[in-house]
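Trainee: I have some questions about the model on my screen, and I would like to go through them with you one by one. Shall we start?

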Amino acid sequence: MSFISFEFIVFFAIVFPLYFALPSRWRLPFLLITSYIFYAFSRVDYILLIAFSTVVDYFAARELGKTPDEQDIKRRVLLGISIVVNLGVLFLFKYFNFFSESIFSLSETFGFAYQPFTHELILPVGISFYTFQSMAYTIDVYRKKIEVEEDAAIFATYVAFFPQLVAGPIERAQNMLPQFREKYVFDYDRVVSGFRLILWGAFKKVVIADRLAIYVNTVYNDVDSYQGLPLIIATLFFAFQIYCDFSGYSDIAIGVARAMGFDLMENFRQPYFASSIRDFWRRWHISLSTWFRDYLYIPLGGNRVSFVRNLINLMIVFVVSGLWHGANWTFVIWGALHGGYIVIETIVSHFIGKKQAPGYLSWLQIPITFALVAFAWIFFRANSSGDAFYVVQHLFNFSTGISGLTEPFRAGYLSSRVEFFFAIILILSLMFTDGLEIRFKQNLLSLIPWRVLRWAVYYGLAFLVLFSYILYITTTPAFIYFQF
Amino acid sequence: MRKFIIRFTIFALPFTLYLVLAGGLAIHTGESLTFNEVIQRQLSDHSILFSPYDQSASFAYKVTYLQNYAPEVVIVGSSRVKTYRGAFFNLNPDLAYNACGIGWTMRNILSLTQYMEVSPPRVLILSLDQQWFRSQDSLNNFEPFTVNFSTLDRERRVIGLANVTRAVIDEEIPLSDMLSGNNSRLGLTAVAFDFGYGYDGSHYQPGQDIEEIIARRERDFQAFEAQNGTFYSPANAISTTNLGYLEELLQWAQSHDVEVIGYFPPFMPEIYERMDGNEDYSYIPQSASALDDLFTRYDFHFFDLSDATESGGDTSEMYDGIHFSEVMQLRLHIRLVETLPDILGDYADVDTLETWLEQNDDPFFLNRSEP
């Protein structure tokens with residue numbers, strides 16, 4: 001179930017008051033059941049997959065807890081079972097076809113063509129998130145960073161907790177498990193703060209991201225028809241589309257959880273104000289970056305190895321991170337690009353030291369970082385690596401000038417020119433609010449001083465969300481034949 | 001908690017009011033019905049016409065019928081085949097379904113096959129627009145429609161609400177029309193403009209003003225003279241891409257034991273007269289010849305019916321330069337049945353159909369009791 005749907009509004013309108021109306025002892029099973037119902041909306045039978053991951057990790061961790069350190073092999077086997085099962089499920093559904101077809105292409109190059117075996121299983125929603133979250137728990141138990149969770153209901157709810165089940169944040173057991181033991185009372189300020197975040201997240205997703213998507217999809221689904229400025233604009237728009245889409249989703253997840261009494265980790269921290277690529281990854285999809293840091297980078301040796309090995313470790317982490325985002329070479333290239341950026345940054349800082357750039361240059365760091373990130377998004381968004389390289393090759397071909405610059409917005413509800421300028425205004429407003437949030441370290445909506453003004457803003461945002469959703473849900477490219 | 005409930009209720013009140021009003025109108029006009037519900041209502045009451053506000057939905061609507069009712073005879077094509085009635089298969093009209101749609105292309109028609117995979121029809125009648133086979137057909141750029149059945153029903157409920165809102169904002173359909181409703185019309189467009197798809201999938205538009213029709217014919221003739229518009233752009237080469245799609249379709253049909261009958265639908269006689277033998281439109285005879293070869297190669301049948309007069313029709317049976325009435329469509333149908341009795345004889349009795357024509361004095365509608 002998507003947060004941006006009428007189903008979710010109805011679902012939450014039932015779950016939220018019932019949750020607080022129930023006696024405390026019933027809330028946990030209620031959360032577990034509703035989380036499974038939430039997931040069942042995408043596909044009922046895939047509930048079994050979450051249940052399978054949960055059962056395997058629950059028992060693996062329990063056995064780990066009972067196994068003394070001396071039995072190291074048994075401990076490793078138990079950990080291995082958890083990792084193999086989780087990554088196996090992920091591999092089967094997400095990567096099997098990709099690897100099968102890639103091996104086929106490779107074998108064809110060497111003249112050993114064979115019929116690649118592929119399946120048509122639909123990728124279960126959220127599988128990359130909940131497998132990572134569940135697996136991290138077993139690893140933490142193995143490392144003795146956390147105690148074993150004996151309560152199966154608490155553990156199952158931790159894996160399936162509906163606000164963050166589908167797209168994160170990828171939570172840590174030490175943060176979440178204790179929260180399921182607490183007894184929450186209805187806290188007005190907390191609930192309002194949660195709803196405020198939900199509204200802001202919905203605005204970013206529906207009003208900004210989905211609007212920019214019209215332009216981006218038109219260009220990127222037919223890249224051969226464009227060159228120069230439309231490609232640049234589409235790439236820049238995509239940078240903001242994906243930011244608003246994903247951070248909007250995270251805001252809603254955090255807001256829903258907050259309203260119900262839970263604290264989820266921050267997932268985005270004004271990433272386009274990053275002054276380096278390393279800084280960008282401290283601000284972008286934080287729950288995933290830290291996951292890779294804790295469960296891949298550090299086990300590989302992190303930076304406590306030789307300088308060259310450290311660079312290799314960085315590269316591995318980013319390529320794997322690229323692959324995590326999708327089973328396609330475009331994501332691998334995207335990850336490798338970021339890995340390359342980080343490697344260069346590391347080499348530069350290794351040789352010149354961590355000197356602060358002079359004042360007259362430091363202001364350039366933010367736009368340069370943004371430009372590098374935006375360039376990498378080309379590979380993330382393109383439908384194929386061929387398309388991505390076409391975009392790269394034609395990015396600075398300005399032979400068509402600015403003619404037709406706004407035309408990719410033709411499928412928008414308003415005229416393409418109005419849509420274009422509206423999109424620019426929305427992006428500028430977003431950057432302005434992000435800048436203010438850096439300064440005030442709070443969500444901007446909570447800073448509005450007068451109640452009347454605050455309510456006016458809430459109404460404004462809510463109306464924009466509702467009508468953008470309503471008016472754009474049926475938007476399809478204008479068909480010539482429709483005139484008949 | 002009470003403070004929150006009061007404030008939230010006040011905040012949510014206008015949105016709730018809107019949802020109740022728009023939702024009520026969507027239900028009242030049938031705009032939010034699922035396609036299955038629409039089809040079931042149409043089958044139980046043949047006078048019901050369906051036309052939603054989002055015309056692009058016709059693909060999903062037609063596909064829903066094909067999947068759930070598996071007709072033996074399926075007619076496919078653009079809006080130019082919209083008057084091909086199920087009743088023309090008079091020996092058993094319930095076995096035929098017209099899956100035509102507005103805005104369809106060769107790629108869309110090819111994509112239909114995936115929805116007929118489980119229960120393919122016995123006969124597939126393809127009305128193939130001539131301009132699909134013109135080189136550089138701009139319509140080739142459009143991606144074929146897709147249908148996600150797992151979310152379709154839920155989407156229709158929401159889209160119904162969205163369509164009511166859009167119709168009001170766009171000022172396309174007066175609120176009074178929505179409120180008055182009509183029991184035998186489902187969907188906003190059907191309610192407001194009194195036309196839509198019938199139970200047999202064909203399109204009905206009763207009560208058209210003859211003056212408007214004459215003006216449309218004239219407009220199309222002018223467009224042809226100016227050599228512009230989708231249908232009248234000249235070309236002297238054919239589209240190999242669309243021929244490829246068609247061949248793919250024929251291959252699918254052959255492998256599924258489906259008999260295919262293809263034809264070029266007629267133009268308004270005044271226009272075709274000028275196209276015929278005109279070098280600027282040489283793509284038409286070229287593609288007719290290519291299609292004939294292609295159909296013959298697969299043991300199927302193709303007819304070039306571009307000339308309405310050859311079928312006994314005339315301009316009075318045309319709605320514009322390319323769309324024609326059910327009377328003209330019946331003439332074409334009779335030609336197909338007469339030529340291919342082995343295939344269509346099981347479904348249609350030519351003698352009765354010819355009686356319909358003989359007893360008819362209206363160029364647009366046959367004297368039948370249909371919606």
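Trainee: Where is B:Glu171 found?

Mentor: B:Glu171 is found in chain B, in the loop that runs between α5 (149–169) and α6 (175–180). Please keep in mind throughout that this is a predicted model.

Trainee: And is B:Glu171 buried or exposed?

Mentor: B:Glu171 counts as exposed, because its relative accessibility is 70%, and the cut-off for that class is over 50%.

Trainee: What about the phi of B:Asp194?

Mentor: B:Asp194 is not a glycine either, and its phi is positive at about 60°. B:Asp194 is found in a loop of chain B, between α7 (188–193) and β6 (196–197), and with 31% relative accessibility it counts as partly exposed.

Trainee: While we're in chain B, where is B:Asp351?

Mentor: B:Asp351 is found in helix α14 of chain B, which covers residues 350–358, and at 56% relative accessibility B:Asp351 counts as exposed.

Trainee: Switching to chain A, how many helices and strands does it have?

Mentor: Chain A has 18 helices and 0 strands. Its C-alpha atoms fill a box of roughly 70 × 65 × 60 Å along the principal axes.

Trainee: What radius of gyration does chain A have, and what would a compact globule have?

Mentor: A compact globule with 484 residues would have a radius of gyration near 23 Å, and chain A has 24 Å, so the value agrees with that expectation. Buried residues make up 54% of the 484 residues in chain A. Of the contacts in chain A with a separation of 6 or more, 73% are accounted for by residues 24 or more positions apart. The accessible surface comes to about 22100 Å², with 67% of it belonging to carbon and sulfur atoms.

Trainee: Which domains is chain A divided into?

Mentor: Chain A is divided into domain 1, residues 6–186, and domain 2, residues 190–483. The C-alpha centres of these two domains of chain A lie 26 Å apart, and 38 residues of domain 1 are in contact with 35 residues of domain 2.

Trainee: I also noted A:Ser446; how far is it from A:Ser193, in sequence and in space?

Mentor: A:Ser446 and A:Ser193 are 253 residues apart in sequence, while their C-alpha atoms are 7.4 Å apart in space. A:Ser446 lies in the loop between α17 (416–440) and α18 of chain A, and its relative accessible area of 27% makes it partly exposed.

Trainee: And A:Ser82, is that one buried or exposed?

Mentor: A:Ser82 counts as buried, because its relative accessibility is 0%. Its place is in helix α4 of chain A, residues 72–109. Leaving out residues up to four places away in sequence, A:Ser82 touches A:Val56, A:Asp57, A:Ala60, A:Met135 and A:Thr138.

Trainee: Now the rings: how many aromatic pairs are there over all chains?

Mentor: The count comes to 107 aromatic pairs over all chains. One of them is the pair of A:Phe11 and A:Phe162, which is edge-to-face, with 5.1 Å centre to centre and 85° between the planes. A:Phe11 lies in helix α1 (residues 6–21) of chain A and A:Phe162 in helix α7 (residues 162–165) of chain A, so this pair ties together parts that are 151 residues apart in sequence. Both A:Phe11 and A:Phe162 are buried.

Trainee: Why is the pair of A:Phe463 and B:Phe15 tilted?

Mentor: The planes of A:Phe463 and B:Phe15 are at 40°, with the ring centres 4.6 Å apart, so the pair is tilted. This pair crosses between chains, from helix α18 (residues 451–472) of chain A, where A:Phe463 lies, to helix α1 (residues 2–29) of chain B, where B:Phe15 lies. A:Phe463 is partly exposed, with a relative accessible area of 34%, whereas B:Phe15 counts as buried at 11% relative accessibility.

Trainee: Last one: where does the charged end of A:Arg43 sit?

Mentor: The charged end of A:Arg43 sits over the ring of A:Tyr46, at 4.4 Å from the ring centre. In chain B, B:Arg85 lies over the face of B:Tyr204, at 3.8 Å from the centre of that ring.

How values were computed: Residues are numbered from 1 along each chain as its sequence is written. Chains are lettered from A and ligands numbered from 1 in the order in which they are written. This is a predicted model: local features need pLDDT of at least 70, side-chain atom pairs count only at pLDDT 80 or more; totals for chains, interfaces and linings use all residues. Side-chain values use heavy atoms; hydrogens and water are left out. Helices (H or I, at least four residues) and strands (E, at least two) are DSSP runs, numbered from the N terminus. Buried means under 20% relative accessible area, exposed over 50%, partly exposed in between (1.4 Å probe, protein chains only). Contact means heavy atoms within 4.5 Å. Rings of Phe, Tyr and Trp (its six-membered ring) pair if their centres lie within 6.5 Å; planes under 30 degrees apart count as stacked, over 60 as edge-to-face and the rest as tilted. A charge sits over a ring if NZ of Lys or CZ of Arg is within 6 Å of the ring centre and within 35 degrees of the ring normal. The radius of gyration is taken over C-alpha atoms; the globule rule is 2.2 Å times the number of residues to the power 0.38. Accessible areas come from the Shrake-Rupley method with a 1.4 Å probe; for residues, only the protein chains shown count as cover. Domain bounds come from an automatic or database domain assignment.
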